[in-house]
Amino acid sequence: MPESDDAEAAFSHMTEDGSVTMVDVGAKAPTQRTAIVRAVVEVNASTLDLLKRRALPKGDVLTTAKIAGIMAAKRTAELIPMCHPLAISYADVRFAVVNAPPSIELEAEVRTTGQTGVEMEAMVAAQVAALTIYDMCKAVQKDIVLRDCRLVFKSGGKSGTFRAG
């Protein structure tokens, strides 16, 4: 393990012998925490037109992707080994359909009051929503691109507020 004078610089998910461990957040004070993640799904103009007209073979893409993203946020601890199960107080996925270049911009927001943040829950929500869009559009387009998934806002906890530049 690298030497450091700053305890925060140490690997929080490793024990002294190098094995992995879940961080003990039991002594941390609960705070209101929010995370927002954005991602983009690039499609072609024909696919976007079908999506806007709700004419894709698998049905209403954005409603299905919204539900999938919310469900995914709630199951993050089952997918990411060191994530704590959280009592999520709010989860949402919002979409903006963009004509040029043809794409769907999505934003996943997750909130809780707790001892650890919801960044991973927002990341998983965004990725699963994007994957659901891909799944529902792949019958008409195979070269869909999922890109630019990143944390754009986080608040709460000891590290305070983060806003992407």
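**Figure 1. Arg54 in the loop between helix 1 (45–52) and helix 2 (61–74).** Helices (H or I, at least four residues) and strands (E, at least two) are DSSP runs, numbered from the N terminus. This is a predicted model, in which local features need pLDDT of at least 70 and side-chain atom pairs count only at pLDDT 80 or more, while totals for chains, interfaces and linings use all residues. Residues are numbered from 1 along each chain as its sequence is written, and side-chain values use heavy atoms, with hydrogens and water left out. The phi angle of Arg54 is near 55 degrees, a positive value in a residue other than glycine. Arg54 is exposed, at a relative accessible area of 60%; buried means under 20% relative accessible area, exposed over 50%, and partly exposed in between (1.4 Å probe, protein chains only).

**Figure 2. The salt bridge of Asp49 and Arg53.** A salt bridge is a side-chain nitrogen of Lys or Arg within 4 Å of a carboxyl oxygen of Asp or Glu. For Asp49 and Arg53 the N to O distance is 3.0 Å. Asp49 is partly exposed, with 34% relative accessibility, whereas Arg53 is exposed, with a relative accessible area of 52%. The structure holds 13 salt bridges.

**Figure 3. The second largest pocket and the residues that line it.** On a 1 Å grid over the protein atoms alone, a cavity is a set of points where a 1.4 Å probe fits but cannot get out; a pocket is an open set with protein on both sides within 12 Å along at least five of seven lines, and lining residues have an atom within 4 Å of a point. Grid points are joined across faces, edges and corners, and a volume is the space filled by probe spheres set on the points. The volume of this second largest pocket is about 150 Å³. Its lining consists of Arg38, Ala39, Val40, Arg94, Phe95, Ala96, Glu105, Leu106, Glu107, Asp148, Arg150 and Val152. Two or more of the lining residues come from each of strand 1 (31–42), strand 2 (88–98), strand 3 (103–114) and strand 4 (145–155). By class, the lining has six nonpolar, no polar and six charged residues. Ala, Val, Leu, Ile, Met, Phe, Trp, Tyr, Cys and Pro count as nonpolar, Asp, Glu, Lys and Arg as charged, and the others, Gly among them, as polar.

**Figure 4. The salt bridge of Glu107 and Arg38.** The closest N and O atoms of this pair are 2.6 Å apart. The bridge links distant parts of the chain, with Glu107 in strand 3 and Arg38 in strand 1, 69 residues apart. Glu107 is buried, at a relative accessible area of 17%, and Arg38 is partly exposed, at 44%. Both residues belong to the lining of the second largest pocket.

**Figure 5. Asp148 in strand 4.** Phi of Asp148 is near 55 degrees, which is positive in a residue other than glycine. Asp148 also lines the second largest pocket. Its side chain forms a salt bridge with Arg147, the closest N and O atoms being 2.1 Å apart. Asp148 is partly exposed, with a relative accessible area of 47%, and Arg147 is partly exposed too, with 28%. Elsewhere, salt bridges that share partners join Arg38, Lys66, Asp92, Arg94, Glu107, Glu109 and Arg111 into one network.

**Figure 6. The loop between strand 2 and strand 3, with Asn99 and Pro101.** A cis peptide bond joins Ala100 and Pro101, with omega about -10 degrees. Asn99 is exposed, at 53% relative accessibility. Leaving aside residues up to four places away in sequence, Asn99 touches Leu48 and Lys52, where contact means heavy atoms within 4.5 Å. Asn99 and Ala129 are 30 residues apart in sequence, and their C-alpha atoms are 19 Å apart in space.

**Figure 7. Ala29 in the segment before strand 1.** Ala29 is exposed, with a relative accessible area of 53%. Not counting residues up to four places away in sequence, Ala29 touches Gly114 and Gln115. From Ala29 to Gly157 the separation is 128 residues in sequence and 8.1 Å in space, C-alpha to C-alpha.

**Figure 8. Residues 1–9, where pLDDT stays under 50.** pLDDT is the predictor's confidence in each residue, from 0 to 100. For residues 1–9 the model has six contacts beyond four places in sequence. Where pLDDT is low, the predicted coordinates should not be read in detail. The protein averages a pLDDT of 91, and 91% of the residues score at least 70.
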